[in-house]
Amino acid sequence: MLNLKELEKRLDDALAKETKESLTSWLMSKRFKNFITGSGEGEFDILLSKSSTLSDSNRAVVKDLCQSAKIDNNNRLAEAA
Amino acid sequence: MPDTEFHSYHSQEKWQDRLLQPIECTSDNAWLGKGYYFWYYYEDAIRWGRNSKCKTGRYEIYKALIKNENILDTVFNEEEYNFWFKQIEKVAKTIIKKTNSRPTIKEINEYFKERGTWLELKGILFQDIPMNETILVVGLYYKKRIQLVLFDFDNIIKFEFIDEGAC
């Protein structure tokens, strides 16, 4: 039988630890992966405008995601060859 | 859903070979995320096969015997239903408050698994949109349209082909 109190506690603990940064990073990584899955072949470059509201840590997340997308796409191309 | 086991039904396109296990649904809009989806009522499985599993012109129905263990029953169990919607709203409110962005179905489901670490949760029984052409009274949705999602094969005791038809 499921222990609902334990499930709720774990969720509450996770939510309590979330900051604007951590949750934004998590959400961005989800949405970016989703976008990559639906896109074609090629590479990605980061192009952020000077007026971007992204914080430094989230800029780093975007850079990492671009890098991993590049690797994933290269792997896909290698598998297809 | 007090029984320790219950039956439910899986609809798929008919292909050359019979299935030995259900096919995972990976659609971003799947109500409860990635998983193996079943219908609680046989007639809903037929309707889904006829209307949505038509790529090959024929559909198949498989009957599964499911072990009722670590499945969240949000349809018949009042406590589990109240628990479930409270958790969804809690996560959604936090995401909206902290990111100013409404979560998608996929994101909410993944949050529970990844951040909430609800790894022992094997599945969820839930009520689908209550539209159903098999109801006998116009506009009265007295019969629930119920789906089950399982996140792995652990609770599937038996899975067998039972029927097929034309779309």
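By class, the lining of the largest cavity comprises nine nonpolar residues, one polar and one charged; Ala, Val, Leu, Ile, Met, Phe, Trp, Tyr, Cys and Pro count as nonpolar, Asp, Glu, Lys and Arg as charged, and the others, Gly among them, as polar. The model is predicted, with local features requiring pLDDT of at least 70 and side-chain atom pairs pLDDT 80 or more, while totals for chains, interfaces and linings use all residues. Residues are numbered from 1 along each chain as its sequence is written, chains are lettered from A and ligands numbered from 1 in the order in which they are written, and side-chain values use heavy atoms, without hydrogens and water.

**First selection: the cavity**

Select Leu32(B), Trp84(B), Ile88(B), Ile108(B), Asn109(B), Phe112(B), Lys113(B), Trp118(B), Leu121(B), Ile124(B) and Phe151(B), which line the largest cavity. On a 1 Å grid over the protein atoms alone, a cavity is a set of points where a 1.4 Å probe fits but cannot get out, and lining residues have an atom within 4 Å of a point. Its volume is about 90 Å³, taken as the space filled by probe spheres set on the points, which are joined across faces, edges and corners. The whole structure holds one cavity of 30 Å³ or more. Colour H2 and H3 of chain B next: each supplies at least two lining residues, and H3(B) gives the most, with four. Helices (H or I, at least four residues) and strands (E, at least two) are DSSP runs, numbered from the N terminus.

**Second selection: the interface**

Now display both chains: 32 residues of chain B are in contact (heavy atoms within 4.5 Å) with 21 residues of chain A. Together the two chains bury about 2500 Å², 57% of it on carbon and sulfur atoms; buried area is the accessible area (1.4 Å probe) lost when two parts are put together, summed over both. Highlight Lys98(B), Tyr111(B) and Arg115(B), which supply 25% of the area that chain B buries against chain A, more than any other three residues.

Eight salt bridges lie between chain B and chain A, each a side-chain nitrogen of Lys or Arg within 4 Å of a carboxyl oxygen of Asp or Glu. Select Glu110(B) and Lys30(A), whose side chains form one (2.8 Å, N to O).

Key. On a 1 Å grid over the protein atoms alone, a cavity is a set of points where a 1.4 Å probe fits but cannot get out, and a pocket is an open set with protein on both sides within 12 Å along at least five of seven lines; lining residues have an atom within 4 Å of a point.
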